[in-house]
Amino acid sequence: MATGKFFRDIELPQQKPLDNGLLFPAVLSPNLTTDSTAVELHDFEEAIRTHKPWLESLLQKSGAILFRGFPVVSPSDFNHVVEAFSYAEIPYLGGIAPRTKVVGRVYTANESPPHIGIPFHHEMSYAPDFPTKVFFFCDEEPGEGGETPIVLSHIIYEKVKEKHPELVAVLEEHGLTYTEVIMDEDDPSSIISRNWKSKFNTDDKNVAAERAAKLGIKIEWIGNAAKATTGPLPAIRFDKESRRKTWFNPITTTYSGPAGKSFFVEIGNGDPVPDDAVEDYRKILEEECVAIPWKKGDVLLINNLMVLHGRRPLLKPPRRVLASLCK
């Protein structure tokens, strides 16, 4: 099955046209002359390895690829798909979201209450070492809601710059500083509830501080809690492949529900991010994003430098989306 053109493009109503003639995201299904049972998992894996240069080119042009209709039915299957791409794994050390390993390189995406939405962000944009690619897998299809909206970051950069050129100039010069208050126990009500023991994989404060320092994080202990400061880090990054600037920061997290109680973002010169700019930024995100409802077995691959993602609140359970992070 992996010979010839294994993949075919399909169109979904939620996709948006790009300037290069492609759609965002690209959506691929098996190129079948018969029913889907003709494709087996090893066919999909072989096709990924065979057509990897083409897939990577498509990812670079479109920013994201949704694989739909392939025989990926379990977390183990998803792990095989991720490994077929042969990208190096990035350890989730220093991340703020609660995650649990499921199998191999597969983790839960975020264990916070599913009815709470997650604002748009690039994965680990608050860290010096962040993944360049992120895979998602729909293990349990949502009853209603729970989409993973995505949006092209260079478009967000351009739109925000049009509306707030002074702010963008300041962000490009000074970057952003991130401060997180991390407790010693998880807070299941928050989207960033990971405790410092889990975050740094130790229950020793000295070891935690050493590991934090290696990640560019400064730790200040407040009782059993850790005040962790990172940055300033670039708020705008340059994607060498596309030759475009991308909006690479999670400023909405500070202004979004429970997360704002323990995660703070300020401009690298110490100034706060203007509230009106954040509100305009949110509106632009919603105007430009794409939210395709999940189907069981979907695999979504995003270029983390090019694409922001989030989570819509789950309106009707169940929902289980898994993730894998790559360098």
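This report describes selected strands, helices and contacts of a predicted model.

## Basis

Residues are numbered from 1 along each chain as its sequence is written, and side-chain values use heavy atoms, with hydrogens and water left out. Because the model is predicted, local features need pLDDT of at least 70 and side-chain atom pairs count only at pLDDT 80 or more, while totals for chains, interfaces and linings use all residues.

An open sheet of eight strands has the order 1-4-5-18-9-21-7-6, and its pairing is mixed. Strands are DSSP runs of E with at least two residues, helices are runs of H or I with at least four, and both are numbered from the N terminus. Two strands pair if DSSP finds at least two bridges between them. Strand 1 (7-9) and strand 6 (101-103) are the edge strands, each pairing on one side only. On average, neighbouring strands of this sheet are turned by 30° against each other, direction ignored.

Within the sheet, strand 9 (residues 133-140) pairs with strand 21 (residues 320-326) in the antiparallel sense over seven bridges. Lys 133 stands opposite Cys 326 of strand 21.

Contact means heavy atoms within 4.5 Å. Axes are lines fitted to C-alpha atoms, for helices over the stretch in contact, and angles run from 0 to 180 degrees between N-to-C directions.

The axes of helix 1 (residues 41-50) and helix 2 come within 5 Å and cross at roughly 75°. Helix 1 is therefore roughly perpendicular to helix 2, a term that covers angles of 65 to 115 degrees. Helix 1 contributes Ala 47, Ile 48, Arg 49 and Thr 50 to the contact, and helix 2 contributes Lys 52, Pro 53 and Leu 55.

## Strands 12, 13 and 14

Strand 14 (residues 225-233) pairs with strand 12 (residues 176-182) in the antiparallel sense over six bridges. Strand 13 (residues 217-222) also runs antiparallel to strand 14, joined by six bridges. Thr 229 of strand 14 stands opposite Thr 179 and opposite Lys 218.

Strands 13 and 14 form a hairpin with two residues between them. In the turn, Gly 223 has a positive phi of about 65°.

How values were computed:
Angles under 35 degrees count as roughly parallel, over 145 as roughly antiparallel, 65 to 115 as roughly perpendicular and the rest as oblique.
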